[in-house]
Amino acid sequence: MDWQRLLVSYFVGFVLLNVLLGLMAYMTWFERRVLARMQHRVGPNRTGPFGLLQPIADGIKLLAKEDIVPANADRLVFLVAPLLSFALAPLGAAVIPFGETLHLFGLEIPLLVADINVAVLYVLALGSIGVYGIILGGYASGNRYSLLGALRSTAQVISYELVLGLSLVGVFILAGSLSLQDILREQQRALVIGPLTLPNWYILSQPLAFALFLIAAVAETNRAPFDLPEAETELVAGYFTEYSGFRFSFYFLAEYINMIVVSLLAATLFLGGIDGPFVDGVWWLALKALFFLFFYVWLRATLPRFRYDQLMGLAWKVLLPLALLNIGLTGLVRLWGIGAL
Amino acid sequence: MIDFSQPTPVILSEVRQLTPTRRELVLNMGPQHPSTHGVLRVRLTLEGETVIACDPVIGYLHRGVEKLGESHRYAQFVPWTDRTDYVAAPSNNLGYVLAVEKLCGIQAPERAQYWRMIMAELARLASHLVWLGTHALDIGALSVSLYTFRDRELILDIFEKFCGARLTTNMMEIGGFSREIPPDLPEMVREFCRYFPKAIRQYEDLLTENPIWLARTKGVGIIEPDVAINYGLTGACLRGSGVNYDVRKAMPYLFYDRVEFDVPLGTHGDVYDRYLVRIEEMRQSIRIIEQCLEQVPTDGPLMAYESQYVIPPHKNVMTTAEDMQRHFIWVIKGFSPPKGEVYHAVEHSKGELGYYIVSDGSPIPYRLRIRSPDFVNLQSLPYMAQGAMLADIVALIGTIDIVLGSVDR
């Protein structure tokens with residue numbers, strides 16, 4: 001019956017990919033509306049009710065635009081790089097559990113594409129490979145702004161990847177597994193502290209790791225205030241300065257998909273994913289992810305941008321030691337088995 | 001005589017910049033760049049992200065305004081002053097008309113002087129709001145720019161009410177104002193003065209104690225007081241370094257000696273101090289406007305009358321023969337100020353704005369020179385950029401507060 005499971009997996013993956021692409025399109029709408037609201041503006045409101053058709057109009061516009069390749073670009077790399085970025089972005093969502101296993105027509109349908117035992121490691125690895133799209137695109141453009149953007153991105157992602165990974169080690173220690181399903185199952189247990197009964201969400205037992213993860217995730221997805229690779233006031237548009245039309249939109253989409261995947265991951269790792277009051281389900285996950293997405297937009301509306309050296313200083317001098325401290329503390333607590341943790 | 005057959009001598013520092021070593025990268029920032037505030041071009045030599053050399057190149061918006069002044073009659077030049085620093089047009093008008101009035105030895109009536117002060121201070125606010133918005137935007141704080149432009153609209157509404165134009169106002173005339181002040185204008189200005197301090201608090205909430213803002217501005221672009229003086233800096237760029245020089249206090253014009261206001265001074269001379277100085281200047285401007293509104297007479301003439309240099313009032317032109325003739329001559333031939341030269345400086349939002357006029361007794365200036373503050377202030381960019389990071393350059397361009405129309409003229 002292996003082919004059957006494979007088929008089910010493909011089917012779930014197909015549905016997930018399409019949902020994700022649709023969500024991503026509406027993420028742009030959501031960001032523009034929320035940002036506009038925060039800035040005393042209206043935002044897109046002409047295309048359909050509340051501007052809901054705006055993403056479609058944007059998509060058509062971008063697809064219809066001319067695909068310009070600069071004369072001094074490395075042609076092949078220039079053309080392939082955005083595809084690399086775009087193709088890798090949604091893969092991370094494959095390991096995120098969207099619900100309990102469904103039983104339909106005598107089939108077992110797990111509501112996740114792949115239950116890998118090193119799921120988190122897999123997501124981090126994808127993030128690292130995704131940088132290649134940025135580096136190659138920036139390098140191949142034959143533009144100095146692109147090159148600087150690509151260099152910044154390399155340094156930034158490498159540094160923050162480290163923080164991101166280390167901040168999660170505490171969670172792994174507590175859960176005893178790298179599989180997202182196991183981590184989720186751990187969190188669905190109740191945490192009883194005296195008279196209080198709380199969900200065993202890791203945000204409660206790992207607040208420092210959560211904060212570190214949040215900061216590193218924003219940096220990892222190149223969003224404000226860590227949007228240095230594409231800092232428009234310094235580097236025009238950074239690594240995608242020379243891109244136009246749908247290749248530009250590939251980078252754009254990749255960024256938004258990354259945001260969604262990271263939000264889903266944060267919700268699953270720290271906020272109990274599908275776990276919630278009343279009925280567990282994908283809606284809780286969606287709500288939690290939406291909170292993170294709102295947080296992204298909020299940050300963009302509020303904060304100035306870091307400088308390159310400050311960004312690196314923050315990662316290596318502040319966040320990394322804190323992450324190591326968190327691992328040490330969690331390890332000690334786990335070793336001596338203090339409390340319910 | 002310059003021997004044009006010989007190749008032009010090349011400055012050594014340029015040679016170094018044009019042939020970078022293998023470790024260096026020449027980055028051409030502008031003239032088309034999102035944060036060079038128009039068409040400033042900065043040629044940067046970078047090593048990694050560190051700036052080794054910074055060379056501002058100007059002239060992309062040069063329209064020959066000074067030369068135009070030497071081929072227009074005195075009153076015709078007022079609209080051109082709008083187009084030098086177009087974000088604070090009334091201040092430019094003011095500098096020019098005061099210079100011409102000084103040349104002719106006339107003075108506008110008290111009421112007009114007060115309204116000139118109010119308009120000049122409003123222009124300072126409008127200019128500072130544009131500066132704050134774009135400066136914050138350059139450093140990455142997206143929302144501040146929209147808040148400042150929202151509040152600037154209120155000032156532009158006042159301008160529109162006053163003279164019909166919003167940006168290039170052309171509102172001041174030699175001798176005062178030829179049109180009556182709209183009756184509801186004082187209340188409009190008062191309403192704005194009541195509202196605006198809240199808006200300043202809002203900007204400050206977003207920036208003043210924001211750790212990222214502090215990290216980006218503190219200790220960046222330091223100018224020591226003596227260096228600032230040597231560069232001839234004026235305005236917030238000078239006062240941010242702690243040098244107490246404000247034209248409104250040093251050489252009071254209009255009725256600045258009749259109102260109370262403080263001149264804020266910085267201590268470190270960095271980007272942050274200049275930011276604080278300008279924020280405080282906005283508060284002081286509100287103070288000045290409020291005092292002016294209290295002191296200004298509610299009626300009285302707005303135009304210096306009975307002078308050959310001043311356009312006669314419209315009503316008299318229509319009713320008396322003498323004024324009709326004077327008006328005809330004034331419009332067709334212009335007026336001829338006495339021979340001589342004059343320099344008059346005003347405290348523009350960006351620094352000391354001076355108009356130097358040489359008159360040969362004809363209706364057209366023999367020489368007209370504009371000492372624009374941001375042209376002089378821009379000189380300090382290479383000094384401030386020594387050892388800065390690439391991202392600092394946009395903060396430094398922002399902190400000088402340039403408008404290319406005024407730099408290039």
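Visitor: Why is His40(A) called exposed?

Guide: His40(A) has 11 other C-beta atoms within 10 Å. A residue counts as exposed with 12 or fewer such atoms around its own C-beta, as buried with 20 or more, and as partly exposed in between, with C-beta atoms placed from the backbone. So His40(A), with 11, is exposed. By the way, this is a predicted model, where local features need pLDDT of at least 70 and side-chain atom pairs count only at pLDDT 80 or more, while totals for chains, interfaces and linings use all residues. Residues are numbered from 1 along each chain as its sequence is written, and chains are lettered from A and ligands numbered from 1 in the order in which they are written.

Visitor: What makes the phi of His40(A) worth a look?

Guide: Most residues other than glycine have a negative phi. His40(A) is not a glycine, yet its phi is positive, about 60°. You'll find His40(A) in the loop between H1 and helix H2 (54–64) of chain A.

Visitor: Where does Phe50(A) lie, and what is its phi near?

Guide: Phe50(A) is in the loop between H1 and H2 of chain A. Its phi is near 55°, again positive in a residue other than glycine. Phe50(A) has 12 other C-beta atoms within 10 Å, so it is exposed too.

Visitor: How many helices and strands does chain A have?

Guide: Chain A comes to 12 helices and four strands. These are DSSP runs numbered from the N terminus: helices (H or I) need at least four residues, strands (E) at least two. Of the 341 residues of chain A, 45% count as buried.

Visitor: Why is H1(A) called roughly perpendicular to H10(A)?

Guide: Helix H1 (residues 2–38) and helix H10 (residues 245–270) of chain A pack at about 105°, with axes 9 Å apart. The axes are lines fitted to C-alpha atoms over the stretch in contact, and angles run from 0 to 180 degrees between N-to-C directions. Under 35 degrees is roughly parallel, over 145 roughly antiparallel, 65 to 115 roughly perpendicular, and the rest oblique. That angle therefore makes the pair roughly perpendicular.

Visitor: Which residues meet there?

Guide: Among them, Leu20(A) and Met24(A) of H1(A) meet residues including Tyr256(A) and Ile260(A) of H10(A). Contact means that two C-beta atoms, placed from the backbone, lie within 7 Å. By class, this contact has nine nonpolar, one polar and no charged residues. Ala, Val, Leu, Ile, Met, Phe, Trp, Tyr, Cys and Pro count as nonpolar, Asp, Glu, Lys and Arg as charged, and the others, Gly among them, as polar.

Visitor: How many residues of the two domains are in contact?

Guide: 16 residues of domain 1 of chain B touch 16 residues of domain 2 of chain B. E3(B) brings the largest share of the domain 1 side, five residues. The C-alpha centres of these domains lie 31 Å apart.

Visitor: And how many residues does each chain bring to the contact between chain A and chain B?

Guide: Chain B gives 28 and chain A gives 22. H6(B) gives the most to the chain B side, with five residues.

Note on methods
Domain bounds come from an automatic or database domain assignment.
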